[in-house]
Amino acid sequence: MTDDHRSGCPINLSLEVFGDKWSLLIIRDMIFGGKRHFRELLRSQEGISSNILADRLKTLVEMGMLTKRDDPSHKQKAIYSLTEMTIALVPIMAHLGAWGRRYLPVSEELSIRAQLMEEGGPELWERFMDELRVEHLGAAPAVPDGPTVRQTLQAAYDQVMARKAKEQELA
């Protein structure tokens, strides 16, 4: 153990890597929202400021949680990618979402993805991690047999939003 860490406890060390809310929300938006650029991440519903976003992205890159490369389509843009150690957080994110749904006052539209992740369990999580490896690490794609996990999660969100809009119209 080095003096750079409070202790050698695995929970403490994990929290030192991704334990502030902004880092976890950036990771959430990249995993579940497919966001890869600074401007996309800046539009998070939680309203992160640009200086905090820049700092957290820099830290996540330094910690090996993300990689950063120039965007070939635009000289002033960078593309951020998840690393294997961040992709491995999918089950943890699924458990966090399930816990939040169970114990906190969540909204239906923002918890539908967590519900599907919980219901899909480890099989769905593995499939999603494989899809993220293709997207972020350049792994060979598996033979697709329907929509991706992210597409399925987004479709469920869109369905809830459409139903709520219709209910509001009728009210």
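Here is a short tour, grouped by topic.

This is a predicted model, in which local features need pLDDT of at least 70, side-chain atom pairs count only at pLDDT 80 or more, and totals for chains, interfaces and linings use all residues. Residues are numbered from 1 along each chain as its sequence is written, and side-chain values use heavy atoms, with hydrogens and water left out. Helices (H or I, at least four residues) and strands (E, at least two) are DSSP runs, numbered from the N terminus.

**The annotated stretch**

- The unreviewed UniProt entry puts a "domain: HTH hxlR-type" annotation on residues 9–108; such annotations may be inferred rather than shown by experiment, their positions are given in the numbering used here, and feature names are shortened.

**The bent helix**

- Helix α7 covers residues 108–137, which is 30 residues, yet its end C-alpha atoms are only 32 Å apart.
- A straight helix would reach 44 Å at 1.5 Å a residue (the expected span is 1.5 Å times one less than the number of residues).
- Where does α7 bend? The bend is at glycine 121, by about 110°, and proline 122 follows within four residues. (A bend is the angle between axes fitted to the seven residues ending at a residue and the seven starting there.)
- After α7 comes glycine 138, with a positive phi near 75°.

**The nonpolar core**

- The largest nonpolar core has 32 residues, and those with the most contacts inside it are Ile26, Ile27, Ile31, Val90, Met117 and Phe128.
- Elements giving two or more residues to this core are α1 (10–18), α2 (21–33), α4 (50–62), β2 (78–82), α6 (90–103), α7 and α8 (149–170). The most comes from α2, with seven residues.
- A core here is a set of buried Ala, Val, Leu, Ile, Met, Phe, Trp, Tyr and Cys residues joined through side-chain atoms within 4.5 Å. Buried means under 20% relative accessible area, exposed over 50%, and partly exposed in between (1.4 Å probe, protein chains only).
- In soluble globular proteins, nonpolar side chains tend to be buried together.
- Leaving aside neighbours within four places in sequence, valine 90 is in contact (heavy atoms within 4.5 Å) with Ile31, Met117, Trp125, Phe128, Met129 and Leu132.

**The strand pair**

- Strand β1 (residues 66–70) and β2 run antiparallel, joined by five bridges; two strands pair if DSSP finds at least two bridges between them.
- One of the links ties arginine 69 to isoleucine 79, its bridge partner in β2.
- Is β2 enclosed or open? Five of its five residues are buried, so β2 is largely enclosed by the rest of the structure.
- Ala78, Tyr80 and Leu82 point one way from β2, Ile79 and Ser81 point the other way, and all are buried. In a regular strand the side chains alternate between the two faces of the sheet.

- Asparagine 12 sits in helix α1 and counts as buried because its relative accessibility is 13%. Beyond neighbours within four places in sequence, asparagine 12 is in contact with Arg6 and Ser7.
- Glycine 33 is in helix α2 and, at 44% relative accessibility, counts as partly exposed.
- Isoleucine 92 is in helix α6, and at 42% relative accessibility isoleucine 92 is partly exposed.
- Arginine 102 also belongs to helix α6, and its 51% relative accessibility makes arginine 102 exposed.
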